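Dear colleague,

Please find the structure below, handed over for your files. My notes on its helix packing and aromatic pairs follow.

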Amino acid sequence: MYKQKRKGWSKHFDFILLDIILLEIAFLISYGIRHSWNITHYISYYLQAGIYLAMISICAGMIRRSYSGILRRDYLQELKNVVIHVSIVEIALIVVAFFTKGSDYYSREVFVLFWILGSGLCFFGHIFWKIVVHRWMFWNKEKRRMLVISMSGQIKTIIKKLTSQKYIDYSIAGIVLTDEKWEGYEVEGYPVIGRLADDIQDILHQYVIDEIYIYLYPDEYLDRKYIDFFIQTGMTVHIDLEGLAKLEAPAYLERLAGQMVVTSSMKMATPGEYFLKRMMDIIGGLIGLILTGIASIFVVPAIKLADPGPAFFSQIRVGKTGDVLKCISFAACTWVRMKRKKS
(Lines give C-alpha, C1' and ligand atoms only; values in the text may rest on other atoms or scores of the structure.)
Protein backbone atom coordinates (compact mmCIF):
# COMPACT_ATOMS: atom_id res chain seq x y z
CA MET A 1 0.00 0.00 0.00
CA TYR A 2 1.34 3.43 -0.99
CA LYS A 3 1.05 6.45 1.25
CA GLN A 4 0.88 9.81 -0.51
CA LYS A 5 3.10 12.48 0.99
CA ARG A 6 1.22 15.64 1.93
CA LYS A 7 3.80 18.27 2.67
CA GLY A 8 4.46 21.98 2.16
CA TRP A 9 2.75 24.12 -0.46
CA SER A 10 1.72 21.11 -2.57
CA LYS A 11 -0.71 20.13 0.20
CA HIS A 12 -2.80 23.19 -0.71
CA PHE A 13 -2.13 23.27 -4.43
CA ASP A 14 -5.88 23.30 -5.15
CA PHE A 15 -6.42 26.51 -3.16
CA ILE A 16 -3.32 28.15 -4.65
CA LEU A 17 -4.57 27.40 -8.18
CA LEU A 18 -8.11 28.50 -7.26
CA ASP A 19 -6.84 31.87 -6.00
CA ILE A 20 -4.83 32.47 -9.18
CA ILE A 21 -7.86 31.72 -11.38
CA LEU A 22 -10.23 33.89 -9.31
CA LEU A 23 -7.79 36.81 -9.09
CA GLU A 24 -7.22 36.69 -12.84
CA ILE A 25 -11.00 36.70 -13.41
CA ALA A 26 -11.38 39.66 -11.01
CA PHE A 27 -8.60 41.54 -12.82
CA LEU A 28 -10.17 40.83 -16.22
CA ILE A 29 -13.63 41.98 -15.08
CA SER A 30 -12.15 45.13 -13.52
CA TYR A 31 -10.35 45.92 -16.76
CA GLY A 32 -13.50 45.31 -18.81
CA ILE A 33 -15.72 47.47 -16.60
CA ARG A 34 -13.25 50.37 -16.56
CA HIS A 35 -12.59 50.38 -20.31
CA SER A 36 -16.12 49.41 -21.43
CA TRP A 37 -14.80 46.04 -22.61
CA ASN A 38 -12.48 47.67 -25.12
CA ILE A 39 -9.78 45.02 -25.05
CA THR A 40 -7.35 47.07 -27.17
CA HIS A 41 -6.74 49.67 -24.46
CA TYR A 42 -3.10 49.11 -23.35
CA ILE A 43 -3.84 45.39 -23.47
CA SER A 44 -0.15 44.38 -23.54
CA TYR A 45 0.49 46.11 -20.21
CA TYR A 46 -2.52 44.48 -18.58
CA LEU A 47 -1.51 41.06 -19.89
CA GLN A 48 1.92 41.59 -18.37
CA ALA A 49 0.27 42.63 -15.09
CA GLY A 50 -1.79 39.43 -15.18
CA ILE A 51 1.41 37.36 -15.29
CA TYR A 52 2.89 39.35 -12.40
CA LEU A 53 -0.37 38.87 -10.48
CA ALA A 54 -0.13 35.07 -10.63
CA MET A 55 3.52 35.06 -9.53
CA ILE A 56 2.85 37.50 -6.69
CA SER A 57 -0.13 35.47 -5.44
CA ILE A 58 1.99 32.31 -5.27
CA CYS A 59 4.87 34.07 -3.48
CA ALA A 60 2.56 35.86 -1.02
CA GLY A 61 0.79 32.60 -0.20
CA MET A 62 4.04 30.73 0.44
CA ILE A 63 5.70 33.49 2.47
CA ARG A 64 2.62 34.29 4.57
CA ARG A 65 1.53 30.66 4.79
CA SER A 66 -1.90 31.91 3.79
CA TYR A 67 -3.29 28.40 3.37
CA SER A 68 -2.14 26.92 6.67
CA GLY A 69 -5.16 25.56 8.55
CA ILE A 70 -7.52 26.77 5.83
CA LEU A 71 -10.01 23.92 6.32
CA ARG A 72 -10.47 24.81 10.01
CA ARG A 73 -11.18 28.51 9.58
CA ASP A 74 -14.59 30.00 10.22
CA TYR A 75 -16.18 32.62 7.96
CA LEU A 76 -14.70 35.65 9.75
CA GLN A 77 -11.18 34.21 9.82
CA GLU A 78 -11.48 33.29 6.15
CA LEU A 79 -12.64 36.79 5.19
CA LYS A 80 -9.80 38.40 7.15
CA ASN A 81 -7.18 36.15 5.57
CA VAL A 82 -8.55 36.68 2.05
CA VAL A 83 -8.63 40.48 2.41
CA ILE A 84 -5.03 40.52 3.68
CA HIS A 85 -3.88 38.23 0.85
CA VAL A 86 -5.60 40.27 -1.89
CA SER A 87 -4.33 43.54 -0.37
CA ILE A 88 -0.74 42.26 -0.37
CA VAL A 89 -1.10 41.08 -3.98
CA GLU A 90 -2.50 44.46 -5.08
CA ILE A 91 0.14 46.51 -3.26
CA ALA A 92 2.92 44.34 -4.70
CA LEU A 93 1.38 44.64 -8.16
CA ILE A 94 1.32 48.44 -7.89
CA VAL A 95 4.96 48.46 -6.74
CA VAL A 96 5.98 46.24 -9.69
CA ALA A 97 4.08 48.50 -12.09
CA PHE A 98 5.88 51.53 -10.66
CA PHE A 99 9.37 50.06 -10.95
CA THR A 100 8.73 48.72 -14.46
CA LYS A 101 7.65 52.25 -15.45
CA GLY A 102 4.21 51.05 -16.46
CA SER A 103 2.16 52.85 -13.80
CA ASP A 104 1.05 55.53 -16.28
CA TYR A 105 -0.76 52.92 -18.36
CA TYR A 106 -2.87 51.47 -15.56
CA SER A 107 -6.11 52.91 -14.24
CA ARG A 108 -6.63 53.46 -10.53
CA GLU A 109 -10.24 52.37 -10.96
CA VAL A 110 -9.06 48.98 -12.21
CA PHE A 111 -7.06 48.41 -9.02
CA VAL A 112 -9.93 49.56 -6.78
CA LEU A 113 -12.39 47.26 -8.56
CA PHE A 114 -9.83 44.44 -8.52
CA TRP A 115 -9.47 44.68 -4.73
CA ILE A 116 -13.24 44.52 -4.22
CA LEU A 117 -13.94 41.80 -6.77
CA GLY A 118 -10.82 39.79 -5.88
CA SER A 119 -11.67 39.74 -2.17
CA GLY A 120 -15.26 38.74 -2.86
CA LEU A 121 -14.49 36.04 -5.42
CA CYS A 122 -11.69 34.50 -3.35
CA PHE A 123 -13.81 34.49 -0.18
CA PHE A 124 -16.81 32.78 -1.76
CA GLY A 125 -14.51 30.55 -3.80
CA HIS A 126 -12.77 29.35 -0.63
CA ILE A 127 -16.09 28.72 1.11
CA PHE A 128 -17.42 26.72 -1.84
CA TRP A 129 -14.25 24.67 -2.27
CA LYS A 130 -14.00 23.92 1.44
CA ILE A 131 -17.52 22.51 1.32
CA VAL A 132 -16.44 20.30 -1.59
CA VAL A 133 -13.29 19.14 0.25
CA HIS A 134 -15.17 18.50 3.50
CA ARG A 135 -17.76 16.38 1.71
CA TRP A 136 -15.03 14.48 -0.13
CA MET A 137 -13.31 13.80 3.20
CA PHE A 138 -16.57 12.59 4.73
CA TRP A 139 -17.36 10.30 1.79
CA ASN A 140 -13.86 8.86 1.68
CA LYS A 141 -12.96 8.54 5.36
CA GLU A 142 -13.89 4.85 5.34
CA LYS A 143 -11.05 4.33 2.86
CA ARG A 144 -8.61 5.09 5.69
CA ARG A 145 -9.46 2.78 8.57
CA MET A 146 -7.05 3.32 11.45
CA LEU A 147 -6.15 1.12 14.41
CA VAL A 148 -5.09 2.99 17.56
CA ILE A 149 -2.42 1.41 19.80
CA SER A 150 -1.61 2.86 23.22
CA MET A 151 -1.68 2.20 26.97
CA SER A 152 -4.93 2.18 28.91
CA GLY A 153 -3.92 5.18 31.02
CA GLN A 154 -4.02 7.72 28.17
CA ILE A 155 -6.23 6.04 25.59
CA LYS A 156 -9.24 8.24 26.37
CA THR A 157 -7.19 11.40 25.85
CA ILE A 158 -5.74 10.05 22.60
CA ILE A 159 -9.16 9.18 21.16
CA LYS A 160 -10.46 12.66 22.05
CA LYS A 161 -7.47 14.22 20.31
CA LEU A 162 -7.92 12.13 17.18
CA THR A 163 -11.64 12.94 16.94
CA SER A 164 -11.60 16.56 18.16
CA GLN A 165 -11.47 18.11 14.70
CA LYS A 166 -14.74 18.70 12.92
CA TYR A 167 -13.52 17.23 9.64
CA ILE A 168 -11.23 14.19 9.49
CA ASP A 169 -10.39 11.98 6.51
CA TYR A 170 -10.04 8.71 8.45
CA SER A 171 -12.17 6.46 10.64
CA ILE A 172 -11.05 4.64 13.78
CA ALA A 173 -11.61 0.91 13.29
CA GLY A 174 -10.75 -0.01 16.87
CA ILE A 175 -8.39 0.22 19.83
CA VAL A 176 -5.59 -2.13 20.88
CA LEU A 177 -4.02 -1.69 24.31
CA THR A 178 -0.43 -2.56 25.18
CA ASP A 179 -1.00 -3.28 28.89
CA GLU A 180 -4.60 -4.30 29.57
CA LYS A 181 -7.12 -6.73 28.07
CA TRP A 182 -10.33 -4.67 27.81
CA GLU A 183 -11.84 -6.55 24.92
CA GLY A 184 -15.57 -5.83 24.65
CA TYR A 185 -15.36 -2.39 26.28
CA GLU A 186 -15.65 0.95 24.46
CA VAL A 187 -13.64 4.15 24.83
CA GLU A 188 -15.45 7.30 23.63
CA GLY A 189 -17.67 5.09 21.49
CA TYR A 190 -14.86 3.10 19.85
CA PRO A 191 -14.40 -0.61 20.64
CA VAL A 192 -11.35 -2.12 22.34
CA ILE A 193 -10.70 -5.16 20.14
CA GLY A 194 -7.75 -6.77 21.87
CA ARG A 195 -4.37 -6.66 23.57
CA LEU A 196 -1.26 -6.12 21.47
CA ALA A 197 0.81 -9.08 22.66
CA ASP A 198 -2.03 -11.60 22.45
CA ASP A 199 -4.38 -10.65 19.64
CA ILE A 200 -2.68 -8.47 17.02
CA GLN A 201 -2.36 -11.08 14.27
CA ASP A 202 -5.95 -12.25 14.68
CA ILE A 203 -7.14 -8.63 14.67
CA LEU A 204 -5.41 -7.88 11.37
CA HIS A 205 -7.03 -10.97 9.83
CA GLN A 206 -10.52 -10.19 11.12
CA TYR A 207 -10.66 -6.40 10.61
CA VAL A 208 -9.99 -4.17 7.60
CA ILE A 209 -7.08 -1.97 8.74
CA ASP A 210 -5.23 0.49 6.49
CA GLU A 211 -3.16 2.48 9.00
CA ILE A 212 -1.74 2.13 12.51
CA TYR A 213 -1.53 4.99 15.01
CA ILE A 214 0.89 4.43 17.92
CA TYR A 215 1.09 6.68 20.97
CA LEU A 216 3.82 6.00 23.54
CA TYR A 217 5.30 7.90 26.45
CA PRO A 218 9.12 8.22 26.78
CA ASP A 219 9.25 5.47 29.43
CA GLU A 220 7.20 3.05 27.29
CA TYR A 221 8.63 0.52 24.86
CA LEU A 222 7.15 -1.16 21.80
CA ASP A 223 9.00 -4.13 20.34
CA ARG A 224 10.43 -3.37 16.92
CA LYS A 225 8.93 -6.60 15.55
CA TYR A 226 5.44 -5.12 15.72
CA ILE A 227 6.31 -2.08 13.61
CA ASP A 228 8.17 -4.27 11.09
CA PHE A 229 5.16 -6.59 10.95
CA PHE A 230 2.75 -3.70 10.29
CA ILE A 231 4.92 -2.29 7.51
CA GLN A 232 5.51 -5.68 5.88
CA THR A 233 1.77 -6.30 5.76
CA GLY A 234 1.36 -3.09 3.72
CA MET A 235 0.10 -0.74 6.42
CA THR A 236 1.02 2.87 7.04
CA VAL A 237 2.39 3.41 10.57
CA HIS A 238 2.00 6.74 12.42
CA ILE A 239 4.06 7.21 15.60
CA ASP A 240 2.97 10.18 17.72
CA LEU A 241 6.25 11.97 18.36
CA GLU A 242 4.74 14.46 20.80
CA GLY A 243 3.91 11.59 23.11
CA LEU A 244 7.20 9.80 22.51
CA ALA A 245 9.32 12.89 23.20
CA LYS A 246 6.77 14.45 25.58
CA LEU A 247 7.18 17.81 23.87
CA GLU A 248 5.13 20.89 24.67
CA ALA A 249 6.90 23.19 22.20
CA PRO A 250 6.49 23.07 18.39
CA ALA A 251 8.45 20.25 16.75
CA TYR A 252 9.30 18.96 13.30
CA LEU A 253 11.34 16.21 11.69
CA GLU A 254 14.72 16.85 10.10
CA ARG A 255 17.99 15.08 9.32
CA LEU A 256 21.02 15.74 11.51
CA ALA A 257 24.33 14.10 10.54
CA GLY A 258 22.37 11.67 8.40
CA GLN A 259 20.02 10.72 11.26
CA MET A 260 16.30 11.50 11.44
CA VAL A 261 15.63 13.53 14.59
CA VAL A 262 12.74 15.40 16.20
CA THR A 263 13.69 19.07 16.56
CA SER A 264 11.83 21.27 19.02
CA SER A 265 12.17 24.91 19.98
CA MET A 266 10.08 27.54 21.72
CA LYS A 267 10.08 29.63 18.53
CA MET A 268 10.07 28.15 15.04
CA ALA A 269 10.56 30.27 11.92
CA THR A 270 9.41 29.04 8.53
CA PRO A 271 11.61 29.75 5.46
CA GLY A 272 9.17 32.49 4.47
CA GLU A 273 9.30 34.13 7.91
CA TYR A 274 13.10 33.89 7.98
CA PHE A 275 13.27 35.44 4.50
CA LEU A 276 11.05 38.36 5.62
CA LYS A 277 13.17 38.87 8.74
CA ARG A 278 16.36 38.90 6.67
CA MET A 279 14.85 41.38 4.20
CA MET A 280 13.77 43.62 7.09
CA ASP A 281 17.33 43.49 8.49
CA ILE A 282 18.83 44.47 5.13
CA ILE A 283 16.29 47.21 4.41
CA GLY A 284 16.58 48.54 7.97
CA GLY A 285 20.38 48.59 7.67
CA LEU A 286 20.23 50.49 4.38
CA ILE A 287 17.81 53.04 5.82
CA GLY A 288 20.08 53.43 8.84
CA LEU A 289 23.10 54.07 6.60
CA ILE A 290 21.18 56.67 4.60
CA LEU A 291 19.96 58.47 7.73
CA THR A 292 23.46 58.34 9.24
CA GLY A 293 24.90 59.79 6.03
CA ILE A 294 22.42 62.66 6.13
CA ALA A 295 23.07 63.26 9.83
CA SER A 296 26.84 63.32 9.27
CA ILE A 297 26.45 66.40 7.03
CA PHE A 298 25.42 68.34 10.11
CA VAL A 299 27.06 66.41 12.95
CA VAL A 300 30.65 66.29 11.58
CA PRO A 301 30.99 70.10 11.17
CA ALA A 302 29.47 70.61 14.63
CA ILE A 303 32.03 68.24 16.16
CA LYS A 304 34.88 70.00 14.34
CA LEU A 305 33.71 73.39 15.58
CA ALA A 306 33.50 72.14 19.16
CA ASP A 307 36.75 70.21 19.16
CA PRO A 308 39.71 70.02 16.77
CA GLY A 309 40.00 66.25 17.18
CA PRO A 310 38.76 63.59 14.73
CA ALA A 311 35.03 63.45 14.01
CA PHE A 312 34.91 59.64 14.34
CA PHE A 313 36.38 57.14 16.75
CA SER A 314 36.58 53.36 16.58
CA GLN A 315 36.10 50.82 19.34
CA ILE A 316 36.66 47.05 19.49
CA ARG A 317 33.65 45.03 20.70
CA VAL A 318 32.82 41.35 20.96
CA GLY A 319 29.76 40.14 19.05
CA LYS A 320 27.15 37.53 19.99
CA THR A 321 29.11 34.61 18.50
CA GLY A 322 32.46 35.78 19.91
CA ASP A 323 33.56 37.58 16.74
CA VAL A 324 35.65 40.74 17.26
CA LEU A 325 33.96 43.73 15.63
CA LYS A 326 35.29 47.21 14.95
CA CYS A 327 32.55 49.78 15.67
CA ILE A 328 32.79 53.33 14.34
CA SER A 329 30.85 56.18 15.94
CA PHE A 330 30.72 59.95 16.05
CA ALA A 331 33.33 61.37 18.42
CA ALA A 332 30.86 63.78 19.99
CA CYS A 333 32.15 63.37 23.55
CA THR A 334 35.49 61.56 23.15
CA TRP A 335 37.85 64.50 23.13
CA VAL A 336 35.94 66.27 25.89
CA ARG A 337 36.39 63.22 28.13
CA MET A 338 40.11 63.02 27.27
CA LYS A 339 40.64 66.68 28.18
CA ARG A 340 38.81 66.19 31.48
CA LYS A 341 40.99 63.20 32.30
CA LYS A 342 44.16 65.19 31.55
CA SER A 343 42.98 68.08 33.71
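Phenylalanine 114 counts as buried, because its relative accessibility is 0% (buried means under 20% relative accessible area, exposed over 50%, and partly exposed in between, with a 1.4 Å probe and protein chains only). Please note that this is a predicted model, in which local features need pLDDT of at least 70 and side-chain atom pairs count only at pLDDT 80 or more, whereas totals for chains, interfaces and linings use all residues. Residues are numbered from 1 along each chain as its sequence is written, and side-chain values use heavy atoms, with hydrogens and water left out.

Three aromatic pairs were counted; rings of Phe, Tyr and Trp (its six-membered ring) pair if their centres lie within 6.5 Å, with planes under 30 degrees apart called stacked, over 60 edge-to-face and the rest tilted. In one of the pairs, the ring centres of phenylalanine 27 and phenylalanine 114 are 5.6 Å apart and the planes stand at 85°, so this pair is edge-to-face. The pair links distant parts of the chain, as phenylalanine 27 lies in helix α1 and phenylalanine 114 in helix α4 (residues 108–140), 87 residues apart. Helices here are DSSP runs (H or I, at least four residues), numbered from the N terminus. Phenylalanine 27 is buried too, at a relative accessible area of 5%.

Phenylalanine 123 and phenylalanine 124 also form an edge-to-face pair, with 5.1 Å from centre to centre and 70° between the planes. Phenylalanine 123 is buried, with a relative accessible area of 14%, whereas phenylalanine 124 is exposed at 59%.

Turning to the helix packing, α1 (residues 13–34) and α2 pack at about 155° with their axes 10 Å apart; axes are lines fitted to C-alpha atoms, for helices over the stretch in contact, and angles run from 0 to 180 degrees between N-to-C directions. α1 is therefore roughly antiparallel to α2 (under 35 degrees is roughly parallel, over 145 roughly antiparallel, 65 to 115 roughly perpendicular and the rest oblique).

Where they meet, α2 contributes residues including Ala49, Leu53 and Arg64, and α3 residues including Ile84, His85 and Val96.

Yours sincerely

Notes:
Contact means heavy atoms within 4.5 Å. Helices (H or I, at least four residues) and strands (E, at least two) are DSSP runs, numbered from the N terminus.
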